[in-house]
Amino acid sequence: MNKLLLCTDMDRTVIPNGRQPEHPDARPRFRQLCALEGLRLVYVTGRHRQLVQEAIASWQLPQPDYAITDVGTKIYHLVQGEWREMLPWQKQIASDWRGKSHDELQQALQFCPELVLQERSRQNDFKLSYYLPLSANRKKIFTAVENQLTQLGVDASLIWSIDEPEQIGLLDVLPRHATKLHAIEFLQHHLGYEHHEVIFAGDSGNDLPVLVSPIQSVLVASAEPEVRQQAQSESQNNGCAHALYLAGDNFPLGGNYAAGVLQGVLFFAPQMGAQVKLS
Ligand SMILES: [Mg+2]
């Protein structure tokens with residue numbers, strides 16, 4: 001039987017809110033794909049739950065079966081429109097912070113004036129998020145932050161990405177295992193999918209750990225060239241080049257946004273992808 005766990009980033013991956021144009025058929029075909037029997041859709045995003053719901057409504061995106069939100073710190077199961085948080089996941093990532101609270105970590109990182117705390121709605125128990133100007137000395141700041149966290153015994157990862165429209169850097173301090181990658185692997189095992197039955201799609205920095213992992217992944221054509229190069233070289237270094245598909249510009253619908261996701265599904269799961277009529 002054909003089954004597929006399709007995990008996709010939202011902003012600038014299936015939401016066409018980047019600089020490149022979107023083909024008018026891209027999202028209608030994507031909706032068709034997601035309605036296929038045997039396909040489970042998972043949104044994997046930096047957005048929190050309410051912003052995910054707003055995006056689904058305003059961009060006419062299909063309803064997901066699961067949502068990995070807040071850059072991997074929360075997983076929801078949608079059951080008949082009801083969002084149920086998966087508590088085993090919270091429990092699993094909590095151990096990385098060794099009992100330290102969000103506020104305690106925030107206080108410990110106050111030594112760095114360039115780090116400006118993001119809005120309350122973008123924070124949660126296991127997500128400490130900052131704005132950082134693109135002009136700041138990232139390398140120096142990241143090293144100092146890492147040292148400080150290590151001293152506290154906290155096992156964290158720093159995830160850097162750029163909000164292109166706003167031209168500001170975003171730094172997320174997360175439990176080491178609260179990444180998009182680990183959250184997808186958790187769902188994959190929890191739901192019993194084999195490697196060849198999982199596909200991920202993304203476009204930017206916080207998608208990279210998945211893009212360069214053994215998980216079958218597609219980088220949409222609308223991604224920044226810098227991300228494309230990094231994804232290519234890191235996946236090669238990891239011996240995972242075969243699991244990375246770079247969407248091209250041709251295809252009947254181009255490769256930007258949802259059209260790139262469709263390309264990836266056609267590449268990795270042709271039996272599933274071929275069920276979508278492109279014209
Ligand atoms: Mg994105």
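## Terms and basis of the model

Two residues are in contact if their C-beta atoms, placed from the backbone, lie within 7 Å. The structure is a predicted model, in which local features need pLDDT of at least 70 and side-chain atom pairs count only at pLDDT 80 or more, while totals for chains, interfaces and linings use all residues. Residues are numbered from 1 along each chain as its sequence is written.

## Overall form

The protein contains 10 helices and 12 strands; these are DSSP runs numbered from the N terminus, with helices (H or I) of at least four residues and strands (E) of at least two. Along the principal axes, the C-alpha atoms fill a box of roughly 55 × 40 × 40 Å. The radius of gyration, taken over C-alpha atoms, can be compared with a globule rule of 2.2 Å times the number of residues to the power 0.38. For 279 residues, a compact globule would have a value near 19 Å, and the 18 Å of the protein agrees with this.

A residue is called buried if 20 or more other C-beta atoms lie within 10 Å of its own, exposed if 12 or fewer do, and partly exposed in between, with C-beta atoms placed from the backbone. Of the 279 residues, 43% count as buried. Among contacts between residues at least 6 apart in sequence, 64% join residues at least 24 apart.

## Two domains

The domain assignment gives domain 1 (4-90 + 178-273) and domain 2 (97-175); such bounds come from an automatic or database domain assignment. The C-alpha centres of the two domains lie 25 Å apart. Domain 1 contributes 12 residues to the contact and domain 2 contributes 14 residues.

On the side of domain 1 that touches domain 2, there are two nonpolar, eight polar and two charged residues. In this classification, Ala, Val, Leu, Ile, Met, Phe, Trp, Tyr, Cys and Pro count as nonpolar, Asp, Glu, Lys and Arg as charged, and the others, Gly among them, as polar.

## The eight-stranded sheet

Strands of a sheet pair through backbone hydrogen bonds, either parallel or antiparallel. Here two strands are said to pair if DSSP finds at least two bridges between them. Eight strands form an open sheet with mixed pairing, in the order β5-β4-β3-β2-β1-β10-β11-β12. Its edge strands, β5 (82-85) and β12 (244-246), each pair on one side only.

Within this sheet, β2 (residues 39-44) and β3 (residues 66-69) pair in the parallel sense over three bridges.

## The four-stranded sheet

A second open sheet has four strands in the order β6-β7-β9-β8, with antiparallel pairing. The edge strands β6 and β8 each pair on one side only. Strand β7 (residues 128-132) is mostly covered, as four of its five residues are buried. It pairs with β6 (residues 116-117) over two bridges, where V116 has Y131 as its partner in β7.

Strand β7 also pairs with β9 (residues 168-175) over five bridges, and Y130 stands opposite L171 in β9. Between β8 and β9 there are eight bridges; D163 has I168 as its bridge partner in β9.

## Residue V154

V154 is found in the loop between α5 (138-151) and β8 (156-163). V154 counts as partly exposed because 19 C-beta neighbours lie inside 10 Å. Leaving aside neighbours within four places in sequence, V154 is in contact with W97, R98, K100, L105 and L149. By C-alpha atoms, V154 and H195 are separated by 31 Å, at 41 residues apart along the chain.
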